[in-house]
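I'm opening a notebook on a structure that is new to me. I'll jot down what I look up as I go.

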Amino acid sequence: MPEMTLIEAVRETLRTEMRRDPDIFMMGEDIGPRGGVFLASEGFVEEFGEDRVMNSPLAESSIIGIALGAAVNGMRPVAEIQFADFVWPAINQLVGEAARVRYGTNGRKFAPLTVRVPYGGGVRGGLYHSQSIEVLFAHTPGLQVIAPATPWDARGLLRSAIRSNDPVVFLEHKRTYRLVRGEAPDHEYTEPIGKADIKRAGTDATLITYGLMLHYSLQAAEIVAQSDGIETEIVDLRTLRPIDAETILDSVSRTGRALIVQEDTGAVSVSSEVSAIIAAEGFFNLDAPVMRVTPPEIPPMPFSPLQEAEFMPSPEKIADAIRRLTEI
Amino acid sequence: MAKIPSDATEGSHLNLPDGLTAERLLDAYKTMCLSRALDIRIWTLNRQGKAAIAASAQGHEVAQVATVMATDPTRDHYLIYYRQLTAMLMLGTTPTEMLMQFLARDGEILSAARQFPLHGAHPRVDLFSFSNVVGTQLPQAVGVALADKMKNRDAVTVSFFGDGAASQGDCHEAMNFAGIHELPVVFLCENNRYAISVPLHQQMPVESIASRASAYGIPGVEVDGTDIVASYEAVKEAVDRARSGNGATLVELRVERLLPHTTDDDHTRYRSQEDIERMRDLDPLPITESLLKRHGILDDATDEEFKEWASQAVDDATDASEALPFPQIADMYTGVLEETMGGNSHA
């Protein structure tokens, strides 16, 4: 089985899907001859031509609005927002429009639209190249929000996203693009949207996370296993809407302890929702209060290196939290 | 940009452009009569507490019948906005189907009464409006046209919008992209000079919206939207241009909004008495009636017959739609996504 980086997994999936289905086309800033700023579409113009790998003007609202119009008229567009921080001008077309197309037309129209959004920090991106933007989308009925952490999941879930007949916001953590390598089969497999995955089995605590934080959490779990003999089970959400409550609750019922780790700020966030699910439906299985590791409540995130490092959750901070949780 | 006059002196033969016949004009006028009667009824139903909200099409009738006549409903796309009652009737929507939208009745055709009137998607022609947020339909229309171009379909997309929407960034982005890729779109602006209460001179520093077309490398034309022949001619030229692969056009039809923005508005708060008096002279219904009569296309008896027919059709539609129930509560949970039902606490 081939091993690849996460960006290679994204690129190979886009390539194979584009070959499979002529209705798929890509649209975004600099995705043409430049291949995208992260090279997700490197070499695509040569293979598919500029009509299917369309450079767009620097105008995010119309990238989504035009992709949406094409989607309801028989195409299967994959739009790229260059950095998550630039998605805000497109919010109306995504949250206000695309998410409501099926419901608002009583199913007569639907939008097979995938919006790829590189996001996340720890890349010296400062306030405008580091943001985590998942909450607004995860809050929106009618959208599906996917945040894979491994090449395997990126391939299987991007394939599912492109083939879905409803809009998907597909979040790719920038720091995982080249940092994370892993196996990803070449055959046309899919991973299901809305299913979490247990990335590490354990008996003492359940750690729920997604994206880059999965990798920091896996490191933290090894640290506490070696230092304290604590065995942490790690649930990788993979999909943020709909959230897989069943897998979370099942794991918590076995460990009795829950720690949620996210890079996004904590107030009114994915971790808030997971906490609420556990409180409402897993309360009687808990041996300790639900705990969270989230950054401070300041605009994510400072450009200067010491402050950026302090902002981000780290394997050490997560390991400390696991120890505190299991001491209760 | 040119104002195209089509009027002629009494008794003379009306010069009809290609595709426009006396029969089609008469049919369009009949639909205008129906639209006006229905529009008045909807306003009454609002005042009776039965229709929650309405935006009137009064004053826009000619612009809408002319536009529909210049297109081909069997293959073209219509991205409408909320003031498009006449266009919907012209495209074959029945008065009962229209009233079911305003009365939010079970079986409502566009959105199952989930949305405001004139929002959703039509079952018989490709007419839709996803949103109440003005201007969002413009990039969407460009995307629809892009898909047609990619699939080599012979279809034209008409994106209706008002002068208010012309201030949105989406309007600029849409026209820019359509210009770059020479897409088969007609940007159809019904300029009634008011964005709710904000007059044109507070919306833009230029005299016309059509004058912006040059910035997008597309033709722009400003036409008297009470002139049915001139409006048809301008839209037809734009549709032909789009269909022959020569790209988009911005057509600005100057109309008057004869009633306040919606049933919740009162335009005497911001329109002067002189302005209100003047606009009544620009009511497209008597203007068209007079035009057709002057040229022997319409006689008094037929006119009377049309108005009686419209009145009866509206009465019948009112009875039929009021007899229908509201949608069941259970129906609100379905169809959020293809694979799932809504209403799941975690979904």
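These entries go through the sheets, the helices and the contact between the chains.

**Ground rules**

I'm working with a predicted model, where local features need pLDDT of at least 70, side-chain atom pairs count only at pLDDT 80 or more, and totals for chains, interfaces and linings use all residues. Residues are numbered from 1 along each chain as its sequence is written, while chains are lettered from A and ligands numbered from 1 in the order in which they are written.

My helices (H or I, at least four residues) and strands (E, at least two) are DSSP runs, numbered from the N terminus. I call two strands paired if DSSP finds at least two bridges between them.

**Entry 1: the sheet of seven in chain B**

I started with an open sheet of seven strands in chain B, ordered E2-E3-E1-E4-E5-E9-E8, with mixed pairing. Its edge strands are E2 (120–121) and E8 (220–224) of chain B, and each pairs on one side only.

Next I looked up E1 (residues 77–79) of chain B. Three bridges link E1(B) in parallel with E3 (residues 126–129) of chain B, and B:His77 stands opposite B:Asp126 in E3(B). E1(B) also pairs with E4(B) in the parallel sense, again over three bridges. There, B:Tyr78 has B:Val158 as its bridge partner in E4(B).

**Entry 2: strand E4 of chain B**

How many residues of E4(B) are buried? Six of the six in this strand (residues 157–162) are, where buried means 20 or more other C-beta atoms within 10 Å of the residue's own, exposed means 12 or fewer, partly exposed is in between, and C-beta atoms are placed from the backbone. In a regular strand the side chains alternate between the two faces of the sheet. I checked both faces of E4(B): B:Thr157, B:Ser159 and B:Phe161 are buried on one side, and B:Val158, B:Phe160 and B:Gly162 are buried on the other.

E4(B) also runs parallel to E5 (residues 185–191) of chain B, with six bridges. B:Val158 turns up again here, with B:Val186 as its bridge partner in E5(B). From E4(B) the chain crosses through helix H6 (residues 169–181) of chain B to E5(B), in a right-handed β-α-β crossover. Right-handed here means that, with the strands pointing away from the viewer, the path from the first strand over the helix to the second runs clockwise.

**Entry 3: two helices of chain B**

I then turned to H1 (residues 22–47) and H11 (residues 300–322) of chain B, whose axes come within 9 Å and cross at roughly 45°. Axes are lines fitted to C-alpha atoms, for helices over the stretch in contact, and angles run from 0 to 180 degrees between N-to-C directions. H1(B) and H11(B) are therefore oblique to each other; angles under 35 degrees count as roughly parallel, over 145 as roughly antiparallel, 65 to 115 as roughly perpendicular and the rest as oblique.

Which residues meet there? From H1(B) I noted, among them, B:Lys30, B:Cys33 and B:Leu34, and from H11(B) the list includes B:Phe306, B:Lys307 and B:Ala310. Contact means that the C-beta atoms of two residues, placed from the backbone, lie within 7 Å.

**Entry 4: chain A**

Strand E7 (residues 168–173) of chain A has six of its six residues buried. On one side these are A:Val168, A:Phe170 and A:Glu172, and on the other A:Val169, A:Leu171 and A:His173.

Six bridges join E7(A) to E5 (residues 114–119) of chain A, and the two run parallel. A:Leu171 is the bridge partner of A:Val117. E6 (residues 144–146) of chain A is also parallel to E7(A), over three bridges, and A:Gln144 has A:Val168 as its partner. E6(A), helix H7 (residues 151–163) of chain A and E7(A) make a right-handed β-α-β unit.

I also found an open sheet of five strands in chain A, in the order E9-E11-E10-E13-E14 with mixed pairing. E9 (197–200) and E14 (291–293) of chain A stand at its edges with a single partner strand each, so one side of each has no neighbour in the sheet.

**Entry 5: where the chains touch**

Last, I looked up the contact, which takes 39 residues from chain A and 37 residues from chain B. On the chain A side, helices H3 (60–71), H4 (91–97) and H5 (101–104) are the elements giving two or more residues. H3(A) gives the largest share of that side, eight residues.
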